[in-house]
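Biologist: I have a structure open and would like to go through parts of it. Can we take it piece by piece?

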Amino acid sequence: MSTAIRTESLGKRFGAKWALRECSFDLPAGRICGLVGANGAGKTTLLRMLAGLSRPSTGLAEVATRTPADDAEFLAEVGYLAQEIPLYRRWTAADHLRMGAQLNPRWDDQAGRDRLRSLRIPLDQRIGTMSGGQRAQVGLALALAKRPRVLLLDEPVAALDPLARREFLSTLGEAAADGELTVILSSHLVTDLERVCDHLVVLADSRTVLAEDLDEVLSTHRLLTAPRRDTAAVERMHTVLRIERTQRQVNLWVRLNGPLHDPTWEATELSLEEIMLAYLGMTQPRPEAHVLSEVAG
Amino acid sequence: MITFHLSTRSNVPPYVQLVEQVRQALLNGTLQPGDRLPTVKDVVGSLAINPNTVLKAYRDLEREGLVEGRQGVGTFVLRRPDGPPPNEQAALRRSLASWIAKAQRAGLADADIESMVRTVLRTAASEEAIA
Amino acid sequence: MSWLLWRQHRLQVAIAAALLAAFGLAAWITGDHLASNLRACQGDATCGGFNLFRGYNWMVTLVDVTVLVPLLIGVFWGATIVGRELEAGTAILTWTQSVTRRHWLRTKVLTLFVFAAACSGGLTALTTWWSRTRNATVQSRFGGFPFDIQGVVPIGYTLFAAALGLAAGVLWRRTLPAMATTVGVFIALRLIVDSFARPHYLAPVTWLTPLVGPDALPQGSWQISNELSRHGQVLTGPISPPAGCAGAGSRSAMDTCMSAHGYRMKITYQPASRFWTFQWIEFGIFAGLAVILVAVAVVVLRRHDA
């Protein structure tokens with residue numbers, strides 16, 4: 001399986017409102033992909049459709065070479081952790097592991113127990129008495145113990161303190177270290193994304209505006225600065241995300257589609273946060289917005 | 001065993017930081033040929049970074065001939081990178097430290113120091129090219 | 001999914017079993033006593049109901065209170081078995097642990113109904129057995145309240161309440177509105193069926209009886225109405241005695257006179273022999289409603305996104 005997830009013009013409508021539309025991207029296997037977007041941009045909608053919990057209104061999706069559906073074979077391949085981390089409050093972690101062992105065709109109980117033990121999370125403590133970070137770890141352990149090929153995480157660390165977040169991402173990275181797992185992780189926190197993700201999908205205005213390997217993103221996006229002048233030449237060749245004109249100079253946030261021939265433009269590297277803000281600030285996505293998963297090379 | 005750390009404020013990409021830390025460790029003797037580098041899993045576990053970052057760093061080191069990955073066993077150090085022996089390294093480091101202290105006392109900020117170093121390096125490189 | 005269901009509901013099962021056992025014990029002991037007391041005083045004047053049941057009023061109340069059990073089952077089991085999970089989001093946990101929504105719902109529905117029917121069946125068997133003495137003496141099992149707590153209808157009510165709770169839980173996806181809906185609709189429907197439908201399952205039998213003479217129905221019948229009539233016409237409003245009877249002295253003399261003038265008591269009733277027919281008809285109504293509600297719940301859950 002070389003492509004873990006593929007979507008084509010995937011869309012979901014609730015009544016008259018489109019929560020997600022024209023969502024198209026390919027995610028190669030083994031990646032840890034960050035899913036970014038403003039609140040309401042469609043991240044949860046997308047993840048639920050990929051998990052088979054929600055039916056698309058238009059378009060198609062393919063996850064682990066299968067179409068998401070409410071059937072046991074598909075459900076066994078995909079792990080999902082909802083934002084609220086639903087667990088039975090009166091149960092213990094051991095109860096949840098036992099339930100997982102009963103319900104899933106593939107279940108690595110020992111790995112789940114070892115993981116929780118190494119995090120010093122007691123197996124016989126009630127979930128209701130655990131901290132947010134511990135609950136998130138239990139949720140993750142359950143999702144991983146079923147040996148899925150694809151793991152979908154909906155803002156799992158949003159409510160966690162920095163230490164709990166770090167531990168969560170460590171656990172996640174370790175689980176993905178052997179390359180057998182593909183992960184999509186929706187998040188707002190740029191620092192987390194920079195550390196643990198190697199692929200990025202950005203949603204703006206409920207559409208995909210960027211879907212690329214993180215290294216590509218960082219190496220192709222630049223801030224171009226020059227004394228105030230006409231920008232048509234640059235706009236023709238490259239993808240301009242944002243233009244800012246002051247009295248004396250003009251700033252362009254661009255994605256370079258080739259070498260920059262004009263040496264009078266001063267090019268500075270952009271941080272991931274600045275790149276993301278430029279995309280998220282685009283209210284009208286440009287038709288040429290780049291949504292390749294891998295640029296050749 | 002070497003332990004890695006990452007500086008998020010630095011402009012240097014994470015995998016390059018890892019490579020540099022291994023090189024430094026080899027140069028100043030913390031790592032010896034034959035030592036085993038931490039597994040990808042261990043590094044990811046302690047730093048919470050992407051496994052591919054570690055793989056890339058180890059691949060780079062392998063390409064330079066400094067380490068060798070053995071299937072199922074681990075990644076082992078082959079040799080030291082070309083450069084001065086540990087005690088000379090230490091001496092250079094000490095004189096750098098005192099120069100930096102001097103520059104800071106003169107009023108240079110860290111960023112200014114860094115860009116001065118970069119400029120001098122660039123000049124030295126182009127002079128060498130001409131020579 | 002069996003371990004999952006057991007772990008989730010083991011407390012409820014234990015409580016229900018304990019309550020049923022306690023009730024069974026009380027019913028067995030008191031029922032036995034009452035039956036033997038009845039045999040002992042057969043024909044005796046002391047067999048009047050109040051003497052017979054003196055000291056057992058608490059049990060009488062307890063048996064009457066079982067009329068609430070179907071509603072309790074509907075509210076605490078029906079409305080929560082699906083509704084609670086949807087509300088708390090734990091349904092998603094199970095669905096992403098390789099259990100399809102179809103299988104999940106089917107298993108839950110089956111468990112709910114088997115369990116509800118078993119509890120109700122056990123309880124009803126006990127109340128029916130216990131009520132023999134009451135049926136033979138102080139009450140007619142056919143009319144009103146006693147009809148509701150023995151025979152087979154309580155099982156029907158239970159299935160209906162459980163289905164109602166289930167459907168409400170699926171529709172609202174929250175426990176409290178589901179419970180409230182269950183209570184409201186259950187009570188309303190029971191009252192409607194009780195008052196308007198039940199008397200007419202089969203056409204009542206009419207009995208015209210002279211004002212003097214027997215006017216009591218056989219034990220176990222259900223009197224629907226009791227009106228004064230003359231020559232086939234039901235009379236309403238204040239009755240003035242006919243001209244020829246004005247001088248009647250006593251009440252019985254008046255009655256004899258009026259009978260002679262064509263006045264009759266028109267009694268409509270359901271004969272005791274129809275008791276079980278009515279029980280099964282009403283059971284059928286509520287069981288049928290239960291089936292419809294389950295179908296609605298299944299369709300709604302399937303159509304709706306998780």
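Biologist: How many residue pairs are in polar contact between chain B and chain A?

Modeller: Bear in mind that this is a predicted model. Between chain B and chain A there are eight residue pairs in polar contact, counting pairs with both residues at pLDDT 80 or more.

Biologist: And which elements of chain B give two or more residues to the side that touches chain A?

Modeller: Those are α2 (40–47) and α3 of chain B. α2(B) gives the most to that side, with five residues.

Biologist: What is the count of salt bridges between the two chains, B and A?

Modeller: The count is one salt bridge. K56(B) forms a salt bridge with D215(A), and their closest N and O atoms are 2.4 Å apart.

Biologist: How many residues does each chain bring to the contact?

Modeller: Chain B brings 13 residues and chain A brings 14 residues.

Biologist: What about the area buried between chain B and chain A?

Modeller: It is about 1,100 Å², and carbon and sulfur atoms give 50% of that.

Biologist: Which residues in chain B lose the most area to chain A?

Modeller: K41(B), A48(B) and N50(B), which together make up 39% of what that side buries.

Biologist: Back to α3 of chain B. How many residues does the helix have, and how far does it reach?

Modeller: Helix α3(B) covers residues 51–63, so to speak 13 residues, and reaches 18 Å from its first C-alpha to its last. That is close to the 18 Å expected at 1.5 Å a residue.

Biologist: Which residues in α3(B) are buried?

Modeller: P51(B), T53(B), V54(B), A57(B), Y58(B) and L61(B) are buried. Seen down the axis of α3(B), the buried residues fall within an arc of 165°, so they line one face of the helix.

Biologist: Why would residues a few places apart point the same way?

Modeller: An α-helix has 3.6 residues a turn, so residues three or four places apart point the same way.

Biologist: What caps the N-terminal end of α3(B)?

Modeller: N50(B) does: one of its side-chain oxygens lies 2.8 Å from the backbone nitrogen of N52(B). N50(B) is also among the residues in chain B that lose the most area to chain A.

Biologist: And what follows the helix α3(B)?

Modeller: G65(B), whose phi is positive, near 80°.

Biologist: New topic, chain C. Where does S131(C) lie?

Modeller: S131(C) lies in the loop between α7 (101–130) and α8 (132–136) of chain C.

Biologist: Is S131(C) buried or exposed?

Modeller: S131(C) is buried, with a relative accessible area of 0%. Leaving aside residues up to four places away in sequence, S131(C) touches V63(C) and Q150(C).

How values were computed: Residues are numbered from 1 along each chain as its sequence is written. Chains are lettered from A and ligands numbered from 1 in the order in which they are written. This is a predicted model: local features need pLDDT of at least 70, side-chain atom pairs count only at pLDDT 80 or more; totals for chains, interfaces and linings use all residues. Side-chain values use heavy atoms; hydrogens and water are left out. Helices (H or I, at least four residues) and strands (E, at least two) are DSSP runs, numbered from the N terminus. The expected span of a helix is 1.5 Å times one less than its number of residues. Buried means under 20% relative accessible area, exposed over 50%, partly exposed in between (1.4 Å probe, protein chains only). The arc is that of the directions from the helix axis to the C-beta atoms. A polar contact is a pair of N or O atoms within 3.5 Å; within protein, one must be able to donate a hydrogen and the other to accept it, and residues adjacent in sequence count only if both atoms are side-chain atoms. Contact means heavy atoms within 4.5 Å. Buried area is the accessible area (1.4 Å probe) that two parts lose on being put together, summed over both. A salt bridge is a side-chain nitrogen of Lys or Arg within 4 Å of a carboxyl oxygen of Asp or Glu.
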